[in-house]
Amino acid sequence: MWRRGSDPGGNRRRLAQRCLLLAAVEMGTRDDEYDYLFKVVLIGDSGVGKSNLLSRFTRNEFNLESKSTIGVEFATRSIQVDGKTIKAQIWDTAGQERYRAITSAYYRGAVGALLVYDIAKHLTYENVERWLRELRDHADQNIVIMLVGNKSDLRHLRAVPTDEAKAFAERNGLSFIETSALDSTNVETAFQNILTEIYRIVSQKQIRDPPEGDTIRPQNVEQIEVKPTMNAEGMRKQCCQSSHTEGKKVGVLVGGRYNSREARQQIAIMEETQETVEEILEKYIPKEKLAKVKHILYGNSSKPLDINWEDEHFQIRGWQMVSKIKEQLRPPRLVRVGLIQHCIKAATWETVQVQRDEIHKKIGTYIVQAAQRQVNILCFQEAWTMPFAFCTREKYPWCEFAEDAETGVTTQFLSNFAKEYNMVIISPILERDSTDGDTIWNTCVVINTDGTVLGKHRKNHIPRNGDFNESTYYMEGNTGHPVFDTCFGRIAINICYGRHHPLNWLMFGLNGAEIVFNPNATIDKLSEHLWPIEARCAAIANSYYTCAINRVGTERFANEFTSGDGKPAHNDFGHFYGSSYITAPDGSRTPGLSRHKDGLLVGELDLNMCRHMKDTWVFRMTQRLDMYAKELAEYVSKRDEILQSLVVASPLLDQE
């Protein structure tokens, strides 16, 4: 093993002051104790052996058939250094280009990095410089880095000379070692050395006892000053953070104080970048069974359109969903719809003007992408021009995002695109109705192909569930269930929470909708288990297409808020998980978009399928509307009386 020499600038020695040191704190049994928790990331090209290095060190296992990591995985192991217990939290980051955004997110909080290449593949070594540049762009500037030449057992196929790699490491101030996860050579040494170096740096000074309440109090510690750095979004950037792995309860030092909320933020990061169900299926289901599994889960397979594209921040996916029935008298009625999911662009504490302008600018480029892919009808997520700030209960500045549906800046902005690209655009905004006492509504504006406003629909159902208590800002809509007859087809909009109400979906179908768009803003812990079901069930029951759109990202606010549900005060709503998808009237659905990236989902739909499914399943003929209408009317008009009459008392009650 070769190790670099002295640290001329002393930057490494200042790691304890520039990073946020995570100290272990006793909160459970004696078995829960450890002295330091260090986060270390494994980075490098796909296929260099990062996952096997992780499994060899943490579990002493090696998998010859290891598949490429999807997103991020992590494991832990504790070691002893100078009588101290060091717990390593090691993150295995995906090397594929399409997961580079995930990798970037996981640099946050790392105090060490193993930069891995394959000694038998020179290209993986050539890419080390790019990985190093990305690491230094996203991680703390004083992170401890080790260059690792893996697969040393393939010495007969060596493509990267040891001396060349040593020289590169020396020029860039890195440690260097060659390892083999297959035969265990130097794996233990590599991790032991990087963890020991981190420990030596941070243990030069101890951390003081936090002075105030609502903190976790470590014992026998001395004072040092820790000044948190700020990232691009103005939030504190942690160099070491905690996780509830293995049941440990730990605290994180933030600005000189332990704060258990930061531990939850690390878990939130992991949830934000979790892979999609489709990616998990592709990874773990044997190929010979995958088609059958997908048919059970998704119905008839959709044909991919030749339009797919992806980079670190944005993906485009396209699917054709056409009927298997070929009519003799009518040609297919094909229409292309586009769904755009996106995260906010500027920080929530920027001015309203800056936030809205940044989103407009970004979405303008996405609309051009949709036009290039011949999209006819385009829809955005709920309240697309702003952060979903309704959890905060603060009226200002959020009410300033409200604008006139017909003449507001967003409608004018989109009208130009609609006219230029002969496109119908559905724009969910916060509406300010100046003709009705400046009231605010959650509204979707439908802009026609000539740039004029065809109409609008206001949200029918308003949630009152935890953070989702939007009636602080607006109430239930008064537009009923309108269907807009466009040159491409009859469309309707069921806004967000309305997807939980089957009668809401029903009325759009009864009024003649062929496509119902469902723009949302919903988070993982609340509704992700419901997400694949509700819009899909609606498409089947009502014989129309449904298009479910959700925003992405975690939006953090300057002031903490609570919702009276017993949960601690927090600065964010949770993770908006994207996963936008389309369902056809026959129940088949597309795979979802990413859980963490902006995206455009294009669907080529045959509207003739709506009639085909009505003829096949005869739901309209058998749905007994007259019976339900009569009983519902009776229930509504005589609710209390009917409820009493439906209670059947046991004869035994009289005997008693």
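This is a predicted model: local features need pLDDT of at least 70, side-chain atom pairs count only at pLDDT 80 or more; totals for chains, interfaces and linings use all residues.

Visitor: In which sense do strand 21 and strand 22 pair?

Guide: Strands of a sheet pair through backbone hydrogen bonds, either parallel or antiparallel. Strand 21 and strand 22 (residues 489-493) are joined over three bridges, and their sense is antiparallel.

Visitor: Which strands stand at the edges of the open sheet of five strands?

Guide: The open sheet has the order 21-22-23-24-27, with mixed pairing. From one strand to the next, the twist averages 25°.

Visitor: What angle does the direction of helix 13 make with that of strand 23?

Guide: Helix 13 (residues 502-510) packs on the sheet, where it touches strand 22, strand 23 (515-520) and strand 24 (545-550). Its direction makes an angle with that of strand 23 of about 145°.

Visitor: On how wide an arc around the axis do the buried residues of helix 6 lie?

Guide: In helix 6 (residues 162-171), the buried residues are A165, F168 and A169. They lie on the same side of helix 6, because the arc they cover around the axis is only 100°.

Visitor: Which exposed residues are carried by the face of helix 6 turned away from its buried side?

Guide: The buried residues of helix 6 pack against strand 4 (112-118), helix 4 (122-126), helix 5 (128-138), strand 5 (144-150) and strand 6 (175-178). The face turned away from that buried side carries exposed residues, for which the relative accessible area is over 50%. These residues of helix 6 are D163, E170 and R171.

Visitor: Is D45 buried or exposed?

Guide: D45 has its place in the loop between strand 1 (36-43) and helix 2. Its side chain makes a polar contact of 2.6 Å with the side chain of N127, and a polar contact of 2.6 Å also joins the side chains of D45 and W131. A residue counts as buried when its relative accessible area is under 20%. The relative accessible area of D45 is 10%, so D45 is buried.

Visitor: How many of the ten residues of helix 2 are buried?

Guide: The buried residues of helix 2 (residues 50-59) are K50, S51, N52, L53, L54, S55, R56, F57 and T58. Just after helix 2, N60 takes a positive phi of about 55°. Helix 2 is largely enclosed by the rest of the structure, because the buried residues number nine of the ten.

Visitor: What is the handedness of the β-α-β unit that includes strand 16?

Guide: Strand 15 (residues 377-380) and strand 16 pair in the parallel sense over three bridges, and L378 has I425 in strand 16 as its bridge partner. Together with helix 12 (residues 409-421), these two strands make a β-α-β unit that is right-handed.

Visitor: Which residue in the turn between strand 16 and strand 17 has a positive phi?

Guide: Strand 16 is largely enclosed by the rest of the structure, since nine of the ten residues in 424-433 are buried. With strand 17 (residues 439-447), strand 16 pairs in the antiparallel sense over nine bridges; L430 has N442 as its bridge partner there. The two strands form a hairpin with five residues between them, and the residue in the turn with a positive phi, of about 70°, is G437.

Methods:
Residues are numbered from 1 along each chain as its sequence is written. Side-chain values use heavy atoms; hydrogens and water are left out. Buried means under 20% relative accessible area, exposed over 50%, partly exposed in between (1.4 Å probe, protein chains only). Helices (H or I, at least four residues) and strands (E, at least two) are DSSP runs, numbered from the N terminus. The arc is that of the directions from the helix axis to the C-beta atoms. Contact means heavy atoms within 4.5 Å. Two strands pair if DSSP finds at least two bridges between them. Axes are lines fitted to C-alpha atoms, for helices over the stretch in contact, and angles run from 0 to 180 degrees between N-to-C directions. A polar contact is a pair of N or O atoms within 3.5 Å; within protein, one must be able to donate a hydrogen and the other to accept it, and residues adjacent in sequence count only if both atoms are side-chain atoms. A crossover is right-handed if, with the strands pointing away from the viewer, the path from the first strand over the helix to the second runs clockwise.
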